[in-house]
Amino acid sequence: MNPATLIILSLLLVLWPIQPTPSHAFDSIFSFGDSYIDTGNINLLGKKFSDSPYSDNSPYGQTFFHRPSGRYSDGRLIVDFLAEEFGLPYLKPYLGKKGSFRQGANFAVDGATALDPTFFKQHNLTVTSSSLSTTISSQLQWFKELKPSLCQTTKDCRDYFGRSLFIVGLIEERDYFEMQSSDLNMMMSCAPTIVRIIGGTIKELLDQGARTVVVPGIIPMGCLPAILTDFKFHGDNSSFDLKTGCVETYNKLSRYHNSLLLKAVKELRVKYPHAKIIFADIYKPVMNFVRFPQRYGFTSRPLIVCCGKGGEYNWLPFAMCGSPHVNVTACQNPSTYLNWDGLRLTETAYRYITKSWLRGPYADPPILDARTK
């Protein structure tokens, strides 16, 4: 993509507002993933384990909800913007089990993985997430538990889920984070297994009647301040890309994972020609934010965290956003920051990404082109 085209696309993403689609193309949304799209399940699960999630605390949610909403951002997430686009209510966390889920449910949980916890134990990897017992398989099981309340017969379910939008992904980063003590070859060797699990989940949903499925890739993990801080701490400066300031080894892993995921999506399209299976690229838009931050209104130092404290990137593991033990404040204007808390993005970043998935160029096909007629 030449520079002139990129500038035009950047301006369109900035200026093109998200507005409800008049046709209300989808009647419901169902999402599976981790903290990038979790709207509160971690709060409910965390309380179960007597471990209050940081997203329960201020300043999370300050931009839009003006209070913590269970979302790991200053405001809305991609699933929230998609709901707005199709005139649907914001997705309720499934574990709340309150009210009707006829217009959708969110099964995503912060810290969820594709791989089963036994995998990490077998490889002597230390589990750092209290919710690691939650996998995408767990989320699929929750969906199956909910299904009888939504539809009864095979035909009814195919009709109902055929008018729904499914989002499956943005979960795999945690699998790789839990392998940080391993070398790159070990992590890359696990990528096919991780992708196979994601593909199997999509297949099950398609068999249940899903017809439109958005499959997001993973972000450039080497640009996350949490990863950057870890590499700096260990004095590993040789892995940094001098142009972007990101850790190239982790970005290489992200690209490899995404290439496998795209291949899996193409294979599923052949097996399910009636379905619209959308590969949603999050790697490229985030890299554009990092390389050309000021085109999107971000600060010239895009790797700095908005809500954090200390260190080169305003992020330290013992002074994280929302920590009840350390006084951590947010930046004055989150809309000028790409990264919110060292691991997740700001509402502004999510808005731009959603636009690029709805209308292109970073979704194949764009969601609005694949919507149910």
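A disulfide is taken here as a pair of cysteine sulfur atoms within 2.5 Å. In the predicted model, C307 and C321 are joined by such a link, with an S to S distance of 2.1 Å. The angle about the S-S bond is 90 degrees, and the link of C307 and C321 is right-handed. Both partners belong to the loop between helix 11 and helix 12, where C307 and C321 are 14 residues apart, and the pair is counted as linking distant parts of the chain. C307 is buried, its relative accessible area being 0%, and C321 is likewise buried, at 1%.

A further disulfide connects C306 to C331, with the sulfur atoms 2.0 Å from each other. Here the angle about the S-S bond is -90 degrees, and the link is left-handed. C306 and C331 are both placed in the loop between helix 11 (283-291) and helix 12 (347-359), 25 residues apart. Under the cut-off of 20% relative accessible area for a buried residue, C306 qualifies with 2% and C331 qualifies with 15%.

The search of the whole structure returns 4 disulfides. One of them joins C223 to C246, with an S to S distance of 2.1 Å. The torsion about the S-S bond of C223 and C246 is about 105 degrees, so this disulfide is right-handed. C223 is located in the loop between strand 4 (212-216) and helix 9 (225-233), whereas C246 is located in the loop between helix 9 and helix 10 (248-271); the pair therefore ties together parts that are 23 residues apart in sequence. C223 and C246 are both buried. When the bonded cysteines of the chain are numbered in sequence order, the pairing reads 1-2, 3-4, 5-8, 6-7. Another cysteine, C190, is also buried, with a relative accessible area of 7%.

At the level of secondary structure, the chain contains 13 helices and 6 strands. The 6 strands form an open sheet of mixed pairing, in the order 2-1-3-4-5-6. Strands of a sheet pair through backbone hydrogen bonds, in either a parallel or an antiparallel manner. Strand 3 (residues 164-168) and strand 4 run parallel and are joined by 3 bridges. Within this pairing, F166 stands opposite V213 of strand 4. Helix 6 (residues 154-162) packs on the sheet, where it touches strand 1 (28-32) and strand 3. The direction of helix 6 makes about 75 degrees with that of strand 3.

For the chain as a whole, 58% of the 373 residues count as buried. Among contacts between residues at least 6 apart in sequence, 73% join residues at least 24 apart.

Methods:
Residues are numbered from 1 along each chain as its sequence is written. This is a predicted model: local features need pLDDT of at least 70, side-chain atom pairs count only at pLDDT 80 or more; totals for chains, interfaces and linings use all residues. Side-chain values use heavy atoms; hydrogens and water are left out. Helices (H or I, at least four residues) and strands (E, at least two) are DSSP runs, numbered from the N terminus. Buried means under 20% relative accessible area, exposed over 50%, partly exposed in between (1.4 Å probe, protein chains only). Two strands pair if DSSP finds at least two bridges between them. Contact means heavy atoms within 4.5 Å. Axes are lines fitted to C-alpha atoms, for helices over the stretch in contact, and angles run from 0 to 180 degrees between N-to-C directions.
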